[in-house]
Amino acid sequence: MGRPRLIILIRHAQSEGNKNREIHQTIPDHRVKLTPEGWNQAREAGRRLRAMLRPDDTLQFYTSPYRRTRETTEGILETLTSDEPDPSPFKRSNLTVYEEPRLREQDFGNFQPCSAEMERMWQERADYGHFFYRIPNGESAADAYDRVSGFNESLWRQFGEDDFPSVCVLVTHGLMSRVFLMKWYHFSVEYFEDLRNVNHCEFLIMKKQVDSGKYDLENKLRTWSELRREKAALKAKEEDKELADTGKEKEPKKLERQDTTTLPQRKWGGCPQGCDHGKNFKIRRDLAELRQHDENSANGFTHPGTNGNGTIASRRTPAKKIQGPSVSDDSDDPRGIDPPHIDVTKAQEEVVSSPDGTPSYITIDDRLRNALKTPQKSSFLHTGRDFGGTYSGHASEEEVSENDAREQLAARAARVKNGERNGITNGMTNGREPSRTRHSHANKLGDAPNSDQGSDGDNEADDIDKAEQEDRSIRGSVY
């Protein structure tokens, strides 16, 4: 059938908490039950619902999981499906009832405090605003609005089903009924706060229009502003009657003078009884002192114990300066120190340089010992452009033991010191041909030449020279 023709919101019947609010100090809100008068109201609501339905209507109930709403639903179903005084067209087996936690009452905290504190809280909520005021350890109406919004969306998706019943009944609470309407009809916050509560077992009927498919609210909601106008009009009528009986004339603008009187504003925030929070801790005044130091420095006054700039760094203990043989004001300035002498001949003989070409005094033995102490960084690993593996032009080398690495490093160091290119000599090396190396370098395109393929010896030698220079620059760096 799709969308239901009626959506009916029903507030629960009278509960024990409505008669005695102090019961919430000992009984959780969700366990408060109906009074005997509340059961009568629920049964009467079932009769009224039965009278306004069609015999062919199908119903689906959503109820809050609180005890008073579940008992109200039970009382409605009792008379709705009863065969007294006439047989009912609605059978209990054909009705669907769902408990919906999102329809629960606004959370007013756990066990409520004393009556005086609750009265103070209600006055504070009235001054702050009913919609945004959050109950201590509880919810605000805005929080309830959020979960009702989710329920409305779920309900609207169910309206798309073809077998959805023709009447949807929501048994909930007073504030939740107003929040539901606020979400559905886009009420403003001001209008919501002006709405008065719904009576027990009062029906809020939303009827679908045949042409547009929208739901019109058939009830006229009561507001506090309208109640104040009614009371003012009633009071004025009584005053006019009293003046007519006594024969006196009415004083001009009497009502206006009464309306212009303003009540003194109560102070809920801060410390209404006087602030004593500063007694238990010391307030830091560092920033105030530093600002005072800055002002004094700007005026030419130097605070004792400072350098005159009034900053935190100025109050630190100055570091001791290491002075050379000659003590001067510029002794700690690196620009006044002569650069160290570099033995270029020794650096060239060691064939060690940094990436920027600065000679180094690290010997071959030092590099060998350092390499053996850090086996996790293999000396044969060629770092790629992404620092993740072998770079183009080099092949990965096999794992070697510590003794083999020591021998290979010593042999390579000897060849480098003798000026050879990667161990390639004019004759045989260790009984192998010069072209039979463990791995061959790739060309610029990344293709490795075959060992039996002819190539230009000079170009290959130049490539090996270039690769060897890059290898020395990377491995011999001290940075």
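**Exercise 1.** At what angle do helix α5 and helix α6 pack, and how many Å apart are their axes?

*Solution.* The model is predicted, so local features need pLDDT of at least 70 and side-chain atom pairs count only at pLDDT 80 or more, while totals for chains, interfaces and linings use all residues. Residues are numbered from 1 along each chain as its sequence is written, and side-chain values use heavy atoms, with hydrogens and water left out.

Step 1: find helix α5 at residues 141–158 and helix α6 at residues 174–185; helices (H or I, at least four residues) and strands (E, at least two) are DSSP runs, numbered from the N terminus.

Step 2: the helices pack at about 65 degrees with their axes 9 Å apart, where axes are lines fitted to C-alpha atoms, for helices over the stretch in contact, and angles run from 0 to 180 degrees between N-to-C directions.

Step 3: the contact (heavy atoms within 4.5 Å) includes Ala141, Tyr145 and Trp156 of α5 and Leu175, Phe180 and Trp184 of α6.

**Exercise 2.** In what order do the strands of the open sheet lie, and which strands are at the edges?

*Solution.* Step 1: the six strands follow the order β3-β2-β4-β1-β5-β6, with mixed pairing; two strands pair if DSSP finds at least two bridges between them.

Step 2: β3 (96–99) and β6 (215–217) each pair on one side only, which makes them the edge strands.

Step 3: inside the sheet, β2 (residues 59–63) and β4 (residues 167–172) run parallel and are joined by five bridges, and Thr63 has Val171 of β4 as its bridge partner.
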